[in-house]
Amino acid sequence: MAIFKCKMCGGDLNVTGETGVAECEYCGTQQTIPKLNDEKRMNLYDRANHFRRNNEFDKAMSIYESILEEDHTDAEAYWSLILCKYGIEYVEDPSSHKRVPTCNRTQFTSIFDDVDYQSALKYADPNQKRIYETEAKAIDEIQKEILEISQKEEPFDIFICYKETDNHGRRTPDSVLATELYHELTEIGFKVFFSRITLEDKLGSAYEPYIFAALNSSKVMVVLGTRAEYFNAVWVKNEWNRYLALIRQGAKKTLIPAYKDMDPYDLPEEFSHLQALDMSKLGFMQDLTHGIQKLVEPEKEQEDDTATNGVTVNSLLKRAHIFLEDEDWASADEYCEKVLDMDPEFSDAYIGKLLAFYHCKTEQELTKLCIPIENNNNFEKALRFADPETAQKLKSYQEQTLKNYHYQKNEEIYQQAMEQLKSATQSPAFIRIMSILEKVPEHKDAKEKIQFCQEKVYQSAIQEFQTSSTVTSFHSVLSLLEEIPDYKDAKDKIELCKEKIEQARYVPIYSSAKELLESNNLADLQIARAKLEKIINYLDAKELLKQCEIKITEAEKKMQREIEQQYQEKLRRKKKTTTISILIVILSVLITIGIIIFSVVISPSMKYNQAISDFNNGNYLEAAELFSKADSYQDISHYL
């Protein structure tokens, strides 16, 4: 019996039989589970699921990837990658007490467009697929809510990443240092995301929309700590890992590690290529703030609300565009808002806010975005209030970003396949790469790469076919060829393989039937006949079946004769038994008569004669006793 942990509450799931779905007896949640038949993979799943439930998503993802390297058709591994990629954590709803998903790693990409989600559906059985689709729909709704909230947040310049409390719930030294840094940066004029202060008015709300907005808008992230374990704490690592991912994707961002009272070699390995700052050194704060100023270059200006004489929509909009050129996204957005205060239907102001949100200096840069802008609130309003010419221009941006988005998704899929192709040596790896590239067959040289993988799988199948002799080995070849049914003569080889499988199945049946045919036992012969009927067209099975029928007929006749003989013997025994019984009865009657004669006639006579003898010999007492036992004789009184 396989025992899995519930992915929601961590309770034991007892699973029996071949199934991909189970229900937790503790939280009552129906969920998908992997179909496993070996202990190694079961242990890998246990370890990966442990990390995922503890929100160590990156560690879990690496294990799920290793599972897929061995079996590219494991639907549950693909789904588990999705849970890690979107940082899904299941928490208890206080009203319904059901476990519901929360998203800790929001993506601009919809879950429905994710390649791993599509692979999970491809390889899932109907029950698993139903649950995947239901959960994906819930996750997508959460994503939309988070994105909607995040779009309303003002951009940040700097994100301070640190550990707030230790394992005992006490405030860490890191929190104190982060507070000092926050106040120093805000005094200079930066807009800083510092969870202790930024999120203090968000109590009772989900923090992810605000964290997501801050991660995507911040130009700089400062990760500070006083211990190695604080840098690697689950939620701290979750933040700086996501920020590094944005940098790897091409975002113009900078991550600055800062440490104190620890060896810099104990910093996370991911920071090895970054210049770290020692907070204990004199002048640290000045060096840090100076460096950040060079990166962000804020141009904050205080405005007197009463001094608005001479301010026009166009002048405010020009200021907004200057801020856009200087990459001061927050100020650009602020001035666009001032324009909208004066004219709430001014399309160009919404376009300015759209540029600030996506960190674009000019409208032309919108065409380079790989994120569809059609669902952005500012785009919708800009299009709504635009004149026909501007509306046409906005629609062209919309079409281009959608093309870019699809191209990027195709490129991500393509690069994923190329990365795996570098280390691919076995057929399962090539098959998985094919399944990935088949989603983007027209992208770059995907068709050629698919053919390359098909050839690798084909050669492996042919090589294995030439040395195969068992049903299991032929099945292995068949499973490879069925992945490439239209490649070269794979279809013919598939049919030949099926024939070989049937023949391989016939060999033990044929051998067993021939062995049983040597017997003269009717039961053995009947079993042989049944086996030969299953393989009637194999070798000389028809001739053997005829021989078998003859031997069965002979055996049946022999059995009939034996039954008849047994019946006659039984009759003889019965007759003999009856005669003996009669003789026993007669003998019993004779014995009974003899006993009666003896007791009535012979025994009294013998006693009487003995009494006469005792009387004549003077033994009167003995004689008297015997005469009393022979009282049927008439002359006894004379002697008495």
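Select helix H16: its buried residues pack against helix H14 (347-357) and helix H17 (388-423). This is a predicted model, in which local features need pLDDT of at least 70 and side-chain atom pairs count only at pLDDT 80 or more, while totals for chains, interfaces and linings use all residues. Residues are numbered from 1 along each chain as its sequence is written, and side-chain values use heavy atoms, with hydrogens and water left out.

Helices (H or I, at least four residues) and strands (E, at least two) are DSSP runs, numbered from the N terminus. Buried means under 20% relative accessible area, exposed over 50%, and partly exposed in between (1.4 Å probe, protein chains only). Contact means heavy atoms within 4.5 Å.

**Stop 1: H16**

Stay on H16, residues 377-385. Colour Asn 378, Phe 379 and Ala 382, the buried residues of this helix. Now look down the axis of H16. The buried residues fall within an arc of 100°, so they line one face of the helix. The arc is that of the directions from the helix axis to the C-beta atoms. An α-helix has 3.6 residues a turn, so residues three or four places apart point the same way.

**Stop 2**

Move to His 359, in the loop between H14 and helix H15 (363-366). His 359 has a positive phi of about 60°, although it is not a glycine. It is partly exposed, at a relative accessible area of 24%.

Next, select Asp 261, in the loop between strand S10 (254-259) and strand S11 (277-278). Its phi is near 60°, a positive value in a residue other than glycine. Asp 261 is exposed, at 65% relative accessibility.

**Stop 3: the cysteines**

How many disulfides does the structure hold? Zero, where a disulfide is a pair of cysteine sulfur atoms within 2.5 Å. Pick Cys 370, which is in no disulfide. The nearest cysteine sulfur is that of Cys 360, 11 Å away. Cys 370 is partly exposed, at 26% relative accessibility. Cys 497 is buried, with a relative accessible area of 0%.

**Stop 4: H3 against H5**

Show helix H3 (residues 75-85) with helix H5 (residues 126-151). They pack at an angle of about 10°, with their axes 12 Å apart. That makes H3 roughly parallel to H5. Axes are lines fitted to C-alpha atoms, for helices over the stretch in contact, and angles run from 0 to 180 degrees between N-to-C directions. Angles under 35 degrees count as roughly parallel.

H3 brings Ala 75, Glu 76, Trp 79 and Leu 83 to the contact. H5 brings Gln 128, Tyr 132, Glu 135, Ala 136 and Ile 139. By class, the contact has six nonpolar, one polar and two charged residues. Here Ala, Val, Leu, Ile, Met, Phe, Trp, Tyr, Cys and Pro count as nonpolar, Asp, Glu, Lys and Arg as charged, and the others, Gly among them, as polar.

**Stop 5: Leu 147**

Stay in H5 and select Leu 147. Leu 147 is buried, at 17% relative accessible area. Beyond its neighbours within four places in sequence, Leu 147 is in contact with Thr 106, Gln 107, Phe 108 and Phe 212. Thr 106 is 41 residues apart from Leu 147 along the chain, yet their C-alpha atoms are separated by 8.0 Å.

**Stop 6: Ile 63**

Finish in helix H2 (residues 57-70), at Ile 63. Ile 63 is buried, at 9% relative accessibility. Which residues does Ile 63 touch, not counting those up to four places away in sequence? Leu 44, Arg 47, Ala 48 and Phe 51.

Technical notes:
Angles under 35 degrees count as roughly parallel, over 145 as roughly antiparallel, 65 to 115 as roughly perpendicular and the rest as oblique.
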